[in-house]
Amino acid sequence: MTWFSEQLHANYQLRLLVTKTLFQEKTEHQDLQIFENPVFGRVLTLDGIVQTTEGDEFIYHEMLAHVPILAHGQAKRVLIVGGGDGGMLKQTLRHKGLAATLVEIDPGVIDLCRKYLPAIGENIFASPGARVIIADGAKYVADTDDKYDVIIVDSTDPLGPGEVLFSAEFYKDCKRCLEPGGILVTQNGVPFLQKAELTNSYRRLLPLFKDVSFFLAPVPTYAGGFMAFGWATDNEAARKQPVAVITERFTKSGFSTRYYNPEIHVASFALPNYVRALMA
């Protein structure tokens, strides 16, 4: 038997059985591998770290897309930084009347995911509401004059090319690209094992926005406990919407979900004490 071993964390290892390797190649930007696993289906890894799987991607993508869009309530334009697998773009464009711009640094990721992981994106890149830009996401937010209601940072961990997407300068540029009352959300790792990642993001976002916090979801292949998503906005009411308001907005959206619901939306902002301590 062949096993894939992820060693993102010291003294902790994630292992997945590889029943079939579909693709493996080192692109200009990263080492990319796609394989099949009996539990999670097809798995995408970059530089030896699991990025997404067919089996549990819906939890991550539904939470990082629907929470800020429905909390905002009137979003029309969304920017996605990263997200070459298409999952975030697919969930975003399920909202009626939205236009989404996806900025991905590596076109190879998009091409390979369309070929080997079509179940995740489902041809979303051809959608009329989608605009795809092949560029460095950090450079894009630094240079663009476009404004967005929601910015979703669907990044890798702060290693290698993804490190700049956790910097104070990047967050500052994102703030400049937001419409008044806009919301920035970020992938922020597993706080039980990646303590510094959450603390650093909190400290860098806090001087820029009136309301900075995190919300949580359990994603099985992002092992080690809850996964944290960063939250930053000047609209202090957005995070405190009651279940009734979110339910009304979600019902009007007219689609169904596998993980997300209004009760989970509201409850996801309730943080365990060990996470709150990292924000002290």
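Student: Is Phe226 buried, partly exposed or exposed?

Tutor: Buried means under 20% relative accessible area, exposed over 50%, and partly exposed in between (1.4 Å probe, protein chains only). Phe226 is partly exposed, because its relative accessible area is 36%. This is a predicted model: local features need pLDDT of at least 70, side-chain atom pairs count only at pLDDT 80 or more, and totals for chains, interfaces and linings use all residues. Residues are numbered from 1 along each chain as its sequence is written, and side-chain values use heavy atoms, with hydrogens and water left out.

Student: Where is Phe226 found?

Tutor: Phe226 lies in the loop between β12 (211-217) and β13 (227-233); strands are DSSP runs (E, at least two residues) and helices likewise (H or I, at least four), numbered from the N terminus.

Student: Which residues of helix α8 are buried, and which are exposed?

Tutor: In α8 (residues 243-253), Ile246, Phe250 and Ser253 are buried. Seen down the axis of α8, the buried residues fall within an arc of 50 degrees, so they line one face of the helix; the arc is that of the directions from the helix axis to the C-beta atoms. Ala244, Thr251 and Lys252, on the other side of α8, are exposed. Just after α8, Gly254 has a positive phi of about 80 degrees.

Student: What covers the buried residues of α8?

Tutor: The cover includes α1 (57-72) and α9 (262-267), where contact means heavy atoms within 4.5 Å.
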